[in-house]
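Subject: Structure handover

Hi,

Here is the structure for you to look through. My notes follow below it.

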Amino acid sequence: MDFAALMAKEISKAKSPGPASSDQKGQKDSSNTQEKKYVRRGDLEAARISAYQEEQERLQREREERQAQKRKLEEEEAERRQEREEKKRRLAEESRKRREEEEASRERERRKRLGLPELPTREEKDDTEEGEDIPDEELVEKLRELDEPTRLFGETHRGRLRRYHRLLQRSVTPQPKLSDGPIPTTLEPVPEVEMKISTTVPKDMDGRKYLFRQLASYFNMVLSEWELALAKRDVTVKQSLQGRQAYNAMVQSRDNLKPLFRKFEKVNLDDVVLEHIVEIVHEAQLRRYVDANDAYLRLSIGKAAWPIGVTMVGIHERSAREKLHQGDQQAHILSDESTRKYLQSIKRCLSFAQTRWPPDDQLQIMG
């Protein structure tokens with residue numbers, strides 16, 4: 001056999017598949033492990049991103065679960081709080097209704113005992129307050145015509161309807177007109193020629209009302225003349241200390257006379273005080289200022305004996321000691337602060353009147 005045929009036979013034998021030996025298997029496994037030692041960077045980055053996304057999704061789910069649990073707890077707490085408030089409101093409403101019913105029952109018993117007419121029921125009272133019903137759109141337009149807010153906070157249709165009827169009734173009811181003057185008053189002023197008053201106080205109501213109108217008109221006239229006289233002064237006199245004091249005295253007198261004017265409007269003035277004020281004004285209109293000052297002293301200080309010195313020695317009383325505490329000779333200037341202030345203002349008006357309208361008799365000038 002030649003060499004070429006032998007080599008061909010060996011080559012074909014080597015190329016034919018056969019059972020692999022254990023050494024060859026071990027070499028293949030070691031080559032695979034050596035190949036797996038090296039990993040691509042892209043694969044590592046993709047694995048890291050995937051793990052990060054999974055971790056974020058897990059945290060997001062946990063966060064949403066906690067928020068849902070918290071929201072559930074808050075809703076449950078709000079429901080419990082609302083139930084407590086509703087229970088408190090219901091109890092308060094029940095107690096108020098029970099108290100109103102008890103008061104109404106006592107009032108009905110009192111009226112029944114005294115023979116008075118019965119009270120109207122709640123429905124009748126609501127109908128009286130609300131009047132006829134008006135559609136909401138028309139009611140809004142009517143409130144706009146009255147320059148009023150169309151809807152208040154938390155106001156229902158019935159409340160809006162009651163408010164409209166109250167405004168309508170207030171606009172229909174004539175309001176008392178205030179007169180012009182230093183002290184605005186509801187008393188209608190009288191002309192200057194009719195301000196002359198008599199020394200007697202009328203007993204009837206119409207006469208007393210007219211007398212109060214005369215007194216209010218006289219004091220307003222004196223205050224107006226006083227204010228005008230102070231306005232006519234020189235600027236240097238106005239800015240001086242005495243000028244400012246004189247103006248402050250006028251303003252204080254005007255403010256202190258307002259309680260007296262309120263008593264004039266209500267026709268609620270003590271007869272003893274009224275008689276002395278009438279005497280003061282009457283004497284001042286006649287320009288007898290000394291006599292007016294005497295009437296003022298009798299009104300303010302009174303005729304009560306003032307204890308001076310020893311009033312009782314031993315067991316023997318001093319003569320006429322019982323006159324020290326007579327109640328009908330009270331000093332009205334000590335009654336209260338309001339009375340003291342308007343009596344002092346009357347004295348200031350009297351002092352200005354003798355300078356504005358000086359008397360013919362010089363002996364009638366107050367010191």
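The largest nonpolar core has 45 residues. Within it, Leu215, Tyr218, Leu257, Leu269, Ile277 and Ile346 touch the most other members. Helices α7, α9 (241–256), α10, α11, α12 and α13 each give two or more residues to this core. The largest share comes from α7, with eleven residues. Bear in mind that the model is predicted.

Tyr218 deserves a look. Leaving aside neighbours within four places in sequence, Tyr218 is in contact with Met195, Val281, Ala284, Gln285 and Ala353.

Next, helix α11, residues 271–285. Its length checks out: at 1.5 Å a residue, the 15 residues should span 21 Å, and the end C-alpha atoms are 21 Å apart, which agrees.

Is α11 enclosed or open? Eleven of its 15 residues are buried, that is, under 20% relative accessible area, so α11 is largely enclosed by the rest of the structure. The buried residues are Val273, Leu274, His276, Ile277, Val278, Ile280, Val281, His282, Glu283, Ala284 and Gln285. What do they pack against? Their partners are α7 (205–231), α10 (258–266), α12 (289–300) and α13 (337–356).

One backbone detail to close: Arg287 follows α11, and its phi is positive, near 65°.

Best wishes

Notes:
Residues are numbered from 1 along each chain as its sequence is written. This is a predicted model: local features need pLDDT of at least 70, side-chain atom pairs count only at pLDDT 80 or more; totals for chains, interfaces and linings use all residues. Side-chain values use heavy atoms; hydrogens and water are left out. Helices (H or I, at least four residues) and strands (E, at least two) are DSSP runs, numbered from the N terminus. The expected span of a helix is 1.5 Å times one less than its number of residues. Buried means under 20% relative accessible area, exposed over 50%, partly exposed in between (1.4 Å probe, protein chains only). Contact means heavy atoms within 4.5 Å. A nonpolar core is a set of buried Ala, Val, Leu, Ile, Met, Phe, Trp, Tyr and Cys residues joined through side-chain atoms within 4.5 Å.
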